[in-house]
Amino acid sequence: MLKFCEAVNHSFNIPIRLINENTGCPGSRRSIGFDTDDSQLAD
């Protein structure tokens, strides 16, 4: 799993496809629109 900022960093050198299953940060998954449940962030 990647954090969004790590994926952006890697994307300058290799193609990266972000999907919900490989994005490890709950905040970035919510910002991208993968998750709409805020309960994990609230915890």
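Me: Starting with contacts between residues at least 6 apart in sequence: what share joins residues at least 24 apart?
Reply: In this predicted model, 6% of those contacts in the protein join residues at least 24 apart.

Me: OK, and the secondary structure? How many helices and strands are there?
Reply: The protein has 3 helices and 0 strands. Read from the N terminus, the order of elements is α-α-α.

Me: What does the C-alpha trace span along its principal axes?
Reply: About 35 × 15 × 15 Å.

Me: And what percentage of the residues count as buried?
Reply: 9% of the 43 residues in the protein.

Me: Switching to the surface. How much accessible surface does the protein have, and what part belongs to carbon and sulfur atoms?
Reply: The accessible surface is about 3500 Å², and carbon and sulfur atoms account for 52% of that.

Me: Which residues make the nonpolar surface patch?
Reply: F4, V8, F12, I32 and F34 make that patch, and its area is about 460 Å².

Me: Let's pick V8 from that group. Where does V8 lie?
Reply: V8 is in helix 1, which covers residues 4-11.

Me: Why does V8 count as partly exposed?
Reply: Because its relative accessibility is 33%. Buried would need under 20% and exposed over 50%, so V8 falls in between.

Me: Last topic, charges. How far apart are the mean positions of the positive and negative ones?
Reply: They're 7 Å apart, with 4 positive and 6 negative charges in the protein.

Conventions:
Residues are numbered from 1 along each chain as its sequence is written. This is a predicted model: local features need pLDDT of at least 70, side-chain atom pairs count only at pLDDT 80 or more; totals for chains, interfaces and linings use all residues. Side-chain values use heavy atoms; hydrogens and water are left out. Patches are made of residues with over 30% relative accessible area and no salt bridge: like charges are joined within 9 Å, nonpolar side chains (Val, Leu, Ile, Met, Phe, Trp, Tyr) within 5 Å. Accessible areas come from the Shrake-Rupley method with a 1.4 Å probe; for residues, only the protein chains shown count as cover. A salt bridge is a side-chain nitrogen of Lys or Arg within 4 Å of a carboxyl oxygen of Asp or Glu. Helices (H or I, at least four residues) and strands (E, at least two) are DSSP runs, numbered from the N terminus. Buried means under 20% relative accessible area, exposed over 50%, partly exposed in between (1.4 Å probe, protein chains only). Contact means heavy atoms within 4.5 Å. Lys and Arg count as positive and Asp and Glu as negative; His and the chain ends are not counted. The place of a charge is taken as NZ of Lys, CZ of Arg, CG of Asp or CD of Glu.
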